[in-house]
Each structure stands twice: as structure tokens, then as C-alpha cells.
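This report describes two interfaces in one model. The structure is shown first.

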Amino acid sequence: MRVAALERPLREEFPRLLRDGERACELEALRARTRRFADEHVRPRALEIDRRTGEDPGWFDWELVRAGAEHGMLRFLIPAPAGGEGGSPIHCSVVMEELCAACPGIALIFGAHALGVSPLLLGGASHWDGVLAELLDSERAGSPMLMACAITEPEAGTDVEDPDLLRRGRITSHARRVPGGFRLSGTKRFISNGSVARWITVLMPTEPRRAAETLTCFLLDTRSEGFSVSRVEHKMGQRACPAAELRFDEVFVPDELIVGREGDGAAETMIVLASSRPPVGAIATGIARGAYERLLAWLSEDPAARGLLERQHVQLVLASMEEEIHLSRQAYMDAATELDSGALGRVRSDPSVRALGHVPASIRRRARVRRWLASERARDATVALLHRTTSERALTRSLALSSLAKARGADVAMRVTGAALELVGLRAGPVRAELEKLWRDAKLTQIYEGTNQLNRIEVYRGLCHGETVNCLPPLHRAHVNADVPRHADLEAGTNGNAPQRPVVGTVVGAVGGRV
Amino acid sequence: MTGATAVERAELLETARELARRELVPRAAALDAGEQDVLATCWRQLAEIGLDRALLAEEHGGSGLSVSDLLAAIEELAAGEGGIALCVLLANAALATLPSEHAAAIPGGARWALVPVRSGAEATVSDGRLEGSVASALGAYGTEGVVFAVQGDRPASIAVAAGTPGLELARDEAQMGLRAAPAASIGLTGIDAHADLTQSDGASAPADAGGVLALLRAGTAAIARGIARRAYGMALEYAKARRQGGVAIIEHDAVSEMLAAMAVRLSCPLPAAAGAAAALAAKVAASDAAVASTTDAVQVFGGTGYMRETGIEKLMRDAKYCQLFPEPNWVAQDELMRLACD
């Protein structure tokens, strides 16, 4: 059953946030496309996949991924110059709410993929014609690849998502500098899509005792020697998307697959979290909406519920659900809009980014251009662009709004699913199983992407206390292991002492988006 | 039912506590997975200490405990495994519904279950025949017999042994919580509602529907409290051991506040479960508290708590079912207000 209020055009529902008519139409089309995918492929399979993965957590439905790829569920965040749709956290949020109203576990497959892609958007244009192009090629070939993002460790969950805690935390993973790149060692835990991803963005410190200062993002090919999946977890909910423990045993990652600059990982993580928490708010909102829709359908159509809609108690519960869902949707859209048009808005519209987008891929893919785009000077230029177009204060505020939307949405998801289940009771028939699943699914939203408690600390810092968190990488960074030759140096046979060519023009990476 | 002396009561509780710690906690995951042989093993141990027929007078082969003694023992068992505690509650409620001589005729160690049934909506008794269907009857699957407590204008209790023609029991595979008390979808076709249990496979008895439901509600409150106790114990232990930000997580206010709230909920005594209204209030209060505490306990564990291996997420699922059994809490509150207006 569709709820009339939820059928309203996005532009009507968010008149303040979506003043741009073109943007509203584009989001409307994306929502309609996602809804088609959800109705045709997700909703009918949700319970069966939950049951199968409950018995065997390693079971994975690739057919569903292929169907999702056909509906554009894997490319909406990939920059337009790379061949994607150039979406932003708003797009991701709209997709997540629609999918989660059908099945949060299946939605998480696509959400975790988007999270894996996110650091690459900060890493500049060097990835456009690398892994991002490969993702799109595989999709076109009918065998889509997935991505994942690996942050959490067995001894560090919350610690790795907060710069202050990171300074005092116990990080056991280690990326050791070797000629031409790094060797990654350690364990990452609870990694969504970890066992099925082809590429993983991995956050590891180059000096574990100085994790906050040396955290670095690496792009890891899961076919690399030394990488393994040590187990897939038995989860309470959101089971369609596997959560894996990953082992890194001296896995080599070359310099050109460092995402951003060495040591910028902590700041990158904060920007990624600011971008990914509105979609988590949307996931939670979608779960609440899914429960609300199912409850309304049961109350309206099931003979066992006859007369209940006339009860004032039931009417008040429904009104409260409508209220909570509406407010949590406004919160995530507000946060996503703030990020999209506020904190990171000028990055996307910067002339250098737009200009780079007009450079034909055939030119970008020339070896010399690719080498330059992957160079440290280009990475420095990307950071300089961030400093020129946004500020730590703006990003801190955005992070706080994102955290607010995430925590609020997660609590609403728990309340609404719990109340819906209580209303129908144990003997309601098939709808009970669906509501129980959504309730189990909802709990994870209070935990992942930082616990709700940590998220509320971010709200305090950014909104109540007006703090500024270190969200931007330093403008200038001395390389930690300057004496160890880089990959480019090895290729040039210079051991890092070759004179640098002057930078001609301002060609820098983009934080996603289209031009 | 004379009840035990203070010493006997203390011994009983200690025995139940020890059984829960030694036998039920290690088997909780297997019970949650629906392993029937593990349930049978646990049930045999419970029968050995007389908890399968605790309320039945000693002269009828029971343990002769009072309701409050039984509820205290159920809470101890639930602190080990909630579903098993529910099996004990349902078995005792079933036997309590029957005339003593009928209850005494049921062999010791046999697991029976009481199933509350709404007259009309779920089943009807007409011309001495019980007809209808009941969805998700907790604890009914795999039993040796079921006592249907028919509620409505003409309440009745009808005992039906497993295997009786017309009684269909299918496992409710979707059951989310209290899975050690396996739920069944029940089909009833032409069940004889007059027959004498000692003579054949069915029995009817004058029902004290209010009393039976009060027992179920008070027992569910005890189960919820046991679950909440276990969640608090596990979360406290974990919070002392787990370190984040360079300190044990219990030193973070965000965590210690959740633990304090759990302790506060446990420190509030349940209403004495004597009487229908008190049992309703106890069931609502205890199950709401258990859901809040187990949800917070999972939060204290973080991602680890969301995985099956710690067993903490199971407590959350079990607690949720306490809100829904024997009726959803909002229905229980309705009933409470109806009693207040009578």
C-alpha cells in the first residue's frame, strides 16, 4: 500500500530545500526508477533472502545486484565525467529511502557500494579513468563489481570514526611503507560487502601509534596476494548484505592507489562520514516508512484488523508515526542539502573542476596525463581546492547536521517498527514476519556509521558548542617516509630526487558531481 | 498449593539459578536455533527438579509450589534462557487449568502448553466440537499436548493430546523471539471438547480464564525481568572490559548512562502479581523495561552486539516477544483500563 502523503512530489515536500526545479525533477526521476526496482526485484525477495542468509550468511544474491545495476543503483554516485550520474548525498539519500522501505538489507548492498566509492570522490580525478571506469565497464558487460569501505577494526570501532578518540585509541592495523607503495597488515571487521567487493577503500595508519596523523586511505584490489576474508558474520538483521572480517597479510598497494594523500585519512573520513550519514538517516527513514506502509495496509485490508482503524489509540499511533517519519525525512534532506549546496557546493562548481570535466576521456587516459593526475602535486592541488572552496567550520556544521539526521532517523526507525509490531501482535500472519524483519534491521542504524551516542557528540560539537573539527587535510604535508622511493620514482629510476616539472594550469580532482 | 517455606524457596531459587547458569546459558544458541533435542534435554532436567508441574499439589505428583514461588523460579530460568522459562510457564499454566485429577494423569516430564484462544476470532466451540485456527501459538510445537484456554462469553479449557485427529501443529519458522518455546500454527477440526482426558485424548474443564491469563501475564513479567537481568549483567561486564578512546567504555557517560538506566529499571519492584490488574501492569512494565534494557545492551556492545555470537541480540528479540505475549501491551493496557472502570 502506498501512503498518499508519501506520494507527494519531492519539490512539494521540500519547497525550501529543492528550489532548483531541474534538481527536483532529476530527483523525482531517480526516485521513480528506484521505486520500480524496489517493487519489481527487492520487495518480492526480501523475506526469502533474509531467511537464506540467516541460515548461511555467506550466501549472496548476485542476480539482485545485476538487476540493481540495470536500474542504475551502482552508478548514481560516480562522477559524470567518469561516465556515472554525478549524484550527491541527496541522490544517495533518495535511493536509500526507497530501497529501505522495501528491504534495508538489500539496500545496504548498494549503500555500502556507494560508501566504498565515496573516498574516491575526494581523491581527485585520477580515479575517474581507473577503478570508477572499471566499475562502469563491468556493469555494461553484465557482471557488475561491488565496492566496500573498510574502517572498523576489532579493537577500534568508535575510535576510528572520531579524531579525538583516534589519538587515544588502539589501532592495530598498519600500512608499512615499502619501495613503490605500502604493505597493509591487520584485520578489519564488520565490513559491509567486504566478502563480495572487488575493490575496497581501506583506512589504515602508516604509524599505528600516531594513527590520527598518519591514517591513510588505500584502494585495495581484493585479488591481491595476502588479502582474505576470514569470516562472514551472523547478523541480527540487514542480512542480505554480508558483513565480513577481512585479513590483510602484507598486502601490497602501489602508490598510485593511495586515495588522496598519505596521512590525510582522518580528515577524509570525517568528510566521508558527513556525506554518508544523511543517507543513513534516509535508510532509517525508509525502514520506518516501510513499517508504516505495511501497518496501514494490514489495518485497511486484513480481516483480522477489522475495526482497529476506528480506535483512537490506533489513530494516534499512526499520526505519531507520520509525524516522526516526516521529521526524520526533513532532517536528512536538510543535512544532504547543506552538504551539497553549502559545505561542498563550491567544490563542485569550481571552474577548475568544471574545466576538468570537459577534458575528453581519451586525453585524460593518456599515460602522461594519468601519471600527472596521480602525482603528489595533483593531490596537493585537490587539497588546495578544498581549502579554497570550503572551510572546516562549514564542514563541521555539515557533519553535525548529518549526525543529527542519522541519530534521529535511527531512533525513529526503532520506535516506528517497534510500535507497528506491537500493534499487529503475534498472530497477525505474514505481516508480522515483515515487521519483525524491519525491527531487526532498524537496530543496526543506531550502531553503524558511528553509534548514535557518537553522532550526538558531533551534534554537540558542531551545533551546540560551535566547535570546529579537523575536517580538512592540511594544506601542506611533509611526507612521512620521504626517504623511501615512490612508485613514480621507481618507474622514472630517480629514487625520488628527480626535478619536478612545473604545474601547468590548475587541473585538480573533483569531489564527485557533474560539470 | 501451600507454597514452600523460606528455606525451601531459597533452595529452589538457587537450584533454578544454577541450572540456568550451568545448563541453559551454554545451550542458548542451540535453543535459539530451534534444536528440538536440546530442548528435550533441558526439559528433562527441569522435570527432575519438579518445575514442569510446580503448581500441582504434592499428593497429585506435583511440587506444590505457590504461584509466587513459581514466578521467582521462572525469573531465574529466564536469566539463563527466556524461551525455556516460557515453556515452564506454559506447562504449569496448562496443568493449572485442568482439574487436578486430569493434570495428575499427565505423565511426569511430558511437556504440555497452554494456548489462549479468542472465541469467535480464532476458534469456536459448538456442539461439543472445537474448530478454528490459531497462528503462532508460542511453545505449542513439539508438545505432548495442548490446553486451549478459550476466552470470550463462554470460556472453556480444552485439553488435546498431540496426535489427536483434527489437531494440526505446524512449526512457525518465522518466530523471531523466545524460540526455545517453539511456536506452532494450529489447525482445529472437529476436536472433541467433552471427552475425559483419563479416558481418551481430550478433556474439558470449567475454566478460570481470568486466573490463567493472570498467571501468563505475571509469568511473562518474570521472564522479561530475567531477560533484562541477563542483559544488564552482560552489558556491564563488557563495558568494563572493552576499551575505546584509551579507557574502558564504562567510563564514557554515553555508556554508563545506559547501564545506569538498566540498573534503575531493575531496581523498581514489579507490582505484586496477585490479581488480574496487577498482573497486567506487571507484564506491561516489565516487558517495556526489558525491551529498553536489551536494546541498550546491544548498543553498549556496538557492532559486536548486533552479531549472533555474543547472544545479546537474542535477548533483544526475546524481550520484544514479552511485549507481545499473551497479548500486545496496548491490548493489555486496554484491559487494565476496562478493569479499572468495572
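The sections below cover the basis of the values, the chain interface and the domain interface.

## Basis

This is a predicted model, in which local features need pLDDT of at least 70 and side-chain atom pairs count only at pLDDT 80 or more, while totals for chains, interfaces and linings use all residues. Residues are numbered from 1 along each chain as its sequence is written, chains are lettered from A and ligands numbered from 1 in the order in which they are written, and side-chain values use heavy atoms, with hydrogens and water left out.

## Chain A and chain B

Contact (heavy atoms within 4.5 Å) links 45 residues of chain A with 43 residues of chain B. The two chains bury about 3600 Å² between them, 57% of it on carbon and sulfur atoms; buried area is the accessible area (1.4 Å probe) that two parts lose on being put together, summed over both. On the chain A side, Glu422(A), Leu426(A) and Arg427(A) lose the most area, together 23% of what that side buries.

Five salt bridges (a side-chain nitrogen of Lys or Arg within 4 Å of a carboxyl oxygen of Asp or Glu) cross this interface. One of them joins Arg189(A) and Glu309(B), with the closest N and O atoms 3.2 Å apart.

## Domains of chain B

An automatic or database assignment divides chain B into domain 1 (6-207) and domain 2 (210-341). Their C-alpha centres lie 23 Å apart. The area buried between these domains is about 2300 Å², with 73% from carbon and sulfur atoms. In domain 1, Glu75(B), Met176(B) and Leu178(B) lose the most area to domain 2.

Between the domains the count is 5 salt bridges. Glu75(B) forms a salt bridge with Arg225(B), at 4.0 Å between the closest N and O atoms.
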